[in-house]
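Please look through the sequence and the structure shown here before reading on.

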Amino acid sequence: MARTPVSAILPDFPWDTIASAKALAQSHPDGIVDLSVGTPVDPVDGTIRDALASVSAVSGYPTTHGTRELRVAAVESLQRRYGITGLDEQAVLPVIGTKELIAWLPRLLGLGPDDLVVTPELAYPTYEVGALLAGARVVRADGLTQLGPDSPALIFVNSPSNPTGKVLPVDHLRKVVAYARERGAIVASDECYLGLTWEGEAPSILDDRVCDGDHTGLLAIHSLSKTSNLASYRAGFVTGDAALVAELLAVRKHAGMMVPFPVQAAMTAALNTDEHESQQRERYRARRTALLAALRDAGFQVDLSEAGLYLWTTRGETCRTTVDWFAELGILVAPGEFYGPSGAKHVRIALTATDERIAAAVDRLSEG
Ligand SMILES: Cc1ncc(COP(=O)(O)O)c(C=O)c1O
């Protein structure tokens with residue numbers, strides 16, 4: 001029987017489609033300002049690097065569940081930073097970056113062709129990839145009424161959102177939890193940008209005001225990539241419903257999905273201190289303020305973008321035209337259609353560039 005390569009069931013990698021815009025931006029005499037991807041550019045904090053180095057001579061296998069120190073540090077940081085209570089350290093599971101977890105979550109939870117996975121309308125593409133890898137059906141919906149009688153098995157929410165920066169308030173998340181509980185669906189809340197709020201707060205799915213202290217059926221996914229600049233280390237964790245986390249742990253043990261021991265030590269140090277995290281937030285805040293003003297002065301409308309690492313921007317034209325306009329200025333941005341059809345007239349502009357490159361973008365926008 002003919003073999004179907006897994007890659008054949010996945011969407012095309014969209015970044016290849018902005019190669020010509022990238023080449024144009026790179027030809028700018030003062031170099032490219034790449035605001036297309038949300039990759040950290042500031043160095044990893046010294047305490048975290050020291051923690052990594054301090055165990056680099058250890059040669060034994062790490063455990064899939066991670067060290068107790070790491071799990072306790074995760075629980076304590078969630079309480080300190082976001083007011084999340086009632087978590088047991090046993091219900092924390094480290095992951096090799098949250099992209100890995102998201103891409104495999106539907107499969108690890110045993111979903112298949114009979115199951116429906118819901119993603120936000122404008123979404124980080126890996127939620128759909130996860131559904132496809134499990135062979136499940138996938139639908140984009142922001143409102144629960146859009147779903148009709150079809151009961152989903154898994155609902156991904158992402159607040160603050162990539163790409164739009166939209167924050168889902170307590171009321172909205174409460175409705176999602178109530179809906180999921182009525183239908184026996186699991187809610188996976190991707191909280192990668194929870195610590196990067198600019199106006200007001202962003203509640204976690206595990207917040208008592210959202211779930212009334214009951215974590216059943218709820219998973220919160222936390223990445224250290226953005227808040228602690230650890231994208232290169234591949235560091236995240238999932239927590240919430242202890243029974244679901246135990247289920248994930250059981251499968252991941254068999255599958256060898258374990259976080260390297262030095263990275264576990266680095267994560268523990270990162271979760272135990274908040275200073276580097278707030279410093280990083282302030283760096284992004286300054287970059288955001290500068291870019292936001294420059295975009296508005298250049299005639300752009302910035303929608304949503306209350307939190308997170310992106311400005312969701314439009315001039316009312318198709319996103320590819322806007323991408324080309326920026327590329328002429330030597331600035332690379334991401335077309336909104338990468339994230340869903342309703343992004344066709346927006347571009348996503350990342351705040352993840354050095355102060356020097358953000359200043360260059362601001363100058364170019366004022367001359368553009
Ligand atoms: C919404 C969202 N979730 C998850 C991730 C993955 O983060 P990581 O795999 O670095 O933890 C990203 C990365 O940009 C993201 O934007």
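The text below takes up the annotated domain, the surroundings of the ligand and one group of paired strands.

The structure is a predicted model. An unreviewed UniProt entry carries the annotation "domain: Aminotransferase class I/classII large", which covers residues 33–365.

**Surroundings of the ligand**

The ligand is surrounded by 14 residues, and the closest of them are Gly97, Thr98, Lys99, Ser223 and Ser225. Helix α4 (residues 98–108) supplies three residues, the largest share of this shell. Sorted by class, the shell holds eight polar, four nonpolar and two charged residues.

Strand β13 spans residues 347–350. In a regular strand, side chains alternate between the two faces of the sheet. In β13, Val347 and Ile349 point one way, while Arg348 and Ala350 point the other way. All four of these residues, Arg348 among them, are buried.

| Strand | Residues | Sense of pairing with β13 | Bridges |
|---|---|---|---|
| β10 | 310–314 | antiparallel | four bridges |
| β12 | 334–335 | antiparallel | two bridges |

Individual positions can be followed across these pairings. Tyr310 has Ala350 in β13 as its bridge partner, and Ala334 stands opposite Arg348 in β13. Both Ala350 and Arg348 belong to the pair that points the other way from Val347 and Ile349.

Notes. Residues are numbered from 1 along each chain as its sequence is written. This is a predicted model: local features need pLDDT of at least 70, side-chain atom pairs count only at pLDDT 80 or more; totals for chains, interfaces and linings use all residues. UniProt positions are given in the numbering used here, feature names are shortened, and annotations may be inferred rather than shown by experiment. A residue is near a molecule or strand if its C-beta atom, placed from the backbone, lies within 6 Å of it. Ala, Val, Leu, Ile, Met, Phe, Trp, Tyr, Cys and Pro count as nonpolar, Asp, Glu, Lys and Arg as charged, and the others, Gly among them, as polar. A residue is buried if 20 or more other C-beta atoms lie within 10 Å of its own, exposed if 12 or fewer, and partly exposed in between; C-beta atoms are placed from the backbone. Two strands pair if DSSP finds at least two bridges between them.
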